[in-house]
Number of protein chains: 2
Amino acid sequence: MAKIVMKFGGTSVADLDRIRHVAGLVKREVERGAQVAVVVSAMAGETNKLIAWTRDLAPLHDAREYDVVVAAGEQVTAGLLAVALSASGIGARSWLGWQIPIRTSGMHGSARIEQIDPALLNERLSQGQVAVIAGFQGVASDNRISTLGRGGSDTSAVAVAAAIQADRCDIYTDVDGVYTTDPRIVPRARRLSRIAYEEMLEMASLGAKVLQTRSVEIAMLYRVPLRVLSTFEPDGGGTLLCDEEDIVEKKPVTGIAYSRDEAKITLHRIPDKPGVAAAIFGPLADAGVNVDMIVQNVSEDGKKTDLTFTVSRSELHRALEAIERAAPAIGYRDVTHDVSVAKVSIIGIGMRTHSGVAQMMFRTFAEKGINIEVISTSEIKVSVLIAEEYVELAVRALHAAYELDTA
Amino acid sequence: MAKIVMKFGGTSVADLDRIRHVAGLVKREVERGAQVAVVVSAMAGETNKLIAWTRDLAPLHDAREYDVVVAAGEQVTAGLLAVALSASGIGARSWLGWQIPIRTSGMHGSARIEQIDPALLNERLSQGQVAVIAGFQGVASDNRISTLGRGGSDTSAVAVAAAIQADRCDIYTDVDGVYTTDPRIVPRARRLSRIAYEEMLEMASLGAKVLQTRSVEIAMLYRVPLRVLSTFEPDGGGTLLCDEEDIVEKKPVTGIAYSRDEAKITLHRIPDKPGVAAAIFGPLADAGVNVDMIVQNVSEDGKKTDLTFTVSRSELHRALEAIERAAPAIGYRDVTHDVSVAKVSIIGIGMRTHSGVAQMMFRTFAEKGINIEVISTSEIKVSVLIAEEYVELAVRALHAAYELDTA
């Protein structure tokens, strides 16, 4: 008997009619003979409302109380869906993080799942009862509610799937799968029927918002077959995340991702000597700033050089403060920043075996007159920082150049 | 050092500004040197919204899921108030029912508090931390959230006060105390500075909505000094619930209560013989119907008689069904019912020592031409059933007759 996890995001459970619709989708799987665990998000808008209330009372607040407030959203959905399922004749009960329990780290507000006890869930599933699990939440070792950070319900779903050794984890959302790029920018973008975990991980990290990065990491680690599909057109096929070996046709580039959440910081005239990088990035790490791309200019005089790096826009202020505090230790002349930049990336496991893939990207940008400010590469992706105003042009040009426009 | 419990109802925490105001009231007590536990309701309207959602999905739903959904309201308020307190410099943390824990019976939706472990709360209170407790909820022995029924946060507050042996429990609400009667009917109604537990218990049972009956029972049982006062005019003095001995001036009647939630059922021509009452009220009890007033006519022929009793309007349908099912065992000719009735009551511990108190009530009604349909009495109250249209007239006339209009 198949054991599956179905996850529904906020727009899928936005109102009572949609919750009834979701109950219908769950019922269909139960009637096909599956054991089903469902993971739900808060109703669309609820989490934002609860966060706004908390911030309004105190911009800087205790993350443990933030968790108490926002976790209520998923709690409500879990109870309501259990009621809707029972009303349609399907035995179901809701589970909150502390009841299973889903144990997490103590980093309230952005906790990591550490352990899920599958015993209670498996017992009920084997009795034919649907488990409706509040996503996004767990319980920390201090016996207080913890939450996983935005989009955390994806992670809850994959972690539950791994814990109960589910045959499949279906992520139902408001799009019908993973696309070659954002269809709002490229109308000819196509849905991918399959994508390798590694590719999806890069896509998610680089700006594609369809899945939380952490959820893909866990799926990859535990080899959970993960499907992304539409709540509103559930028979559309969706996109299956799978092992590289299970993908037959490997194009050099699978997808194009972009992110506008980029800020560029440049330190001018820093000493060109050992230890200066540590003097810069140590204080940034201590301030909790994630540095993404880094480029250091070749020194002209062998004494002074410039260093540029990027951070997310929300961390810009914190990064600049940290740099200023560390000014005596670093010894730069001045610091400038630019938020009108964006990152565009090409991703594909085929890069490992195809040559000239990055070259095609640079040539395409040259033809369109797009200046590349920073470059960063890995085995299966190339990211470049460009002026934000060129984003749509760049994505469209790359989509055509790598022949993603055609099926 | 004084240890107090402060309870705030839904209108007191209806929005962020009011939550800030409540934080101010708590801060004031802390700065006076008190150890403070706060019990909060859901923000006004939230509970009704959550109940409506649950009912919309399934009029008959699993009470355990209902509890999961509605308990989220108090959870949000508790977290928000803890944030507001911290923002104003007061150390605070939120507590959910399962964290303390507040153990209840398994009657989900209308559970009774069975035990509150005071250890964790007392430890934090003694460290100067304010405990912000989600009212209305606990945890049942199945490790699932339970709720106490409407108005249950009052009960939470009093039970917490009893458990931690608080010096005082202050119930902050949108009125400034307990009145001699409903001021919407009698503008000259006066706030009582003191009322005996027993009187308040009758007032609450008989229709005064200022406190949940169960909370008064617990306060009386554990001798918790209970004050009702206004969130918006906290220095108005309020009303203190206390022992009978602590009330100096004992008027014969302390207050007038009324209830429109009454339905009258009459069984005509039942056999006038032993066992018939059991045949009627047994099935009603089995159907979960609470019977209030009962009157049996004197039999004229020694064989047949009529019997009238009252139930709350929401239970009328269930009561009639139970009676119909039991028809063969009872043997009545026909059954009639009337929902256009209301109950008016006079309450006062002074009745024990004053004579002629009930007589004054009957004379007043006679003068106003109000017909009394059923009478029920106890040591400290007299209740009568009258036609609903006379309610305001009756209450006003009694208020004047018992000299409650004058201070």
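Predicted model: local features only at pLDDT ≥ 70, side-chain atom pairs only at ≥ 80, totals over all residues.
Before going on, I checked the confidence. Chain A has an average pLDDT of 94, and 100% of its residues score at least 70. For the complex, the predictor gives an ipTM of 0.84 and a pTM of 0.86.

I looked up the helix itself next. H11 of chain A runs over residues 357–368, which makes 12 residues. From first C-alpha to last it reaches 17 Å, close to the 16 Å expected at 1.5 Å a residue.

Which residues of H11(A) are buried? I found Val357(A), Met361(A) and Phe365(A). These sit on the same side of H11(A), because they cover an arc of only 80 degrees around the axis.

Then I asked what covers the buried residues of H11(A). The cover includes strand E16 (334–347), strand E18 (381–387) and helix H12 (391–401), which belong to chain A. Just after the helix, I noted that Gly369(A) has a positive phi of about 70 degrees.

**Entry: Met361(A)**

I picked one residue of H11(A) to follow up, Met361(A). Why does Met361(A) count as buried? The cut-off for buried is 20 or more other C-beta atoms within 10 Å, and Met361(A) has 25 C-beta neighbours inside 10 Å, so it counts as buried.

I also listed its contacts, leaving aside neighbours within four places in sequence: Met361(A) touches Ile346(A), Val382(A) and Leu398(A). As a distance check, I took Gly236(A), which is 125 residues from Met361(A) in sequence. C-alpha to C-alpha, Met361(A) and Gly236(A) are 32 Å apart in space.

**Entry: where A meets B**

I turned to the contact between the chains. On the A side 28 residues are in contact with 28 residues of chain B. Helix H1 (16–31), helix H2 (46–57) and helix H3 (63–87) of chain A each supply at least two residues of the side that touches chain B. H3(A) gives the most to that side, with 14 residues. By class, I got 17 nonpolar, eight polar and three charged residues on the side of chain A that touches chain B.

How are the two copies related? A rotation of 179 degrees, with 0.0 Å of shift along its axis, puts chain A on chain B with an RMSD of 0.2 Å. The two copies are therefore related as by a two-fold rotation axis. In chain A, the C-alpha nearest that axis belongs to Ala72(A), at 2.6 Å from it. The same surface serves both copies, as 100% of the contact residues of chain A recur in chain B.

**Entry: H6(B)**

Last, I looked at a helix in the other chain. H6 of chain B, residues 197–205, is mostly covered, with eight of its nine residues buried. I wrote them down: Tyr197(B), Glu198(B), Glu199(B), Met200(B), Leu201(B), Glu202(B), Met203(B) and Ala204(B).

What do the buried residues of H6(B) pack against? In chain B I found strand E10 (194–196), helix H7 (213–222), strand E12 (239–242), strand E13 (255–271), strand E16 (334–347) and strand E18 (381–387). Just after H6(B), Gly207(B) has a positive phi of about 130 degrees.

Conventions:
Residues numbered from 1 in each chain as written. Chains lettered and ligands numbered in written order. Helix = DSSP H or I, 4+ residues; strand = E, 2+ residues; numbered from the N terminus. Expected span 1.5 Å × (residues − 1). Buried ≥ 20, exposed ≤ 12 C-beta atoms within 10 Å, placed from the backbone. Arc of directions from axis to C-beta. Contact = placed C-beta atoms within 7 Å. pLDDT = per-residue confidence, 0-100. Nonpolar A, V, L, I, M, F, W, Y, C, P; charged D, E, K, R; others polar. Least-squares fit on C-alpha atoms with pLDDT ≥ 70 in both.
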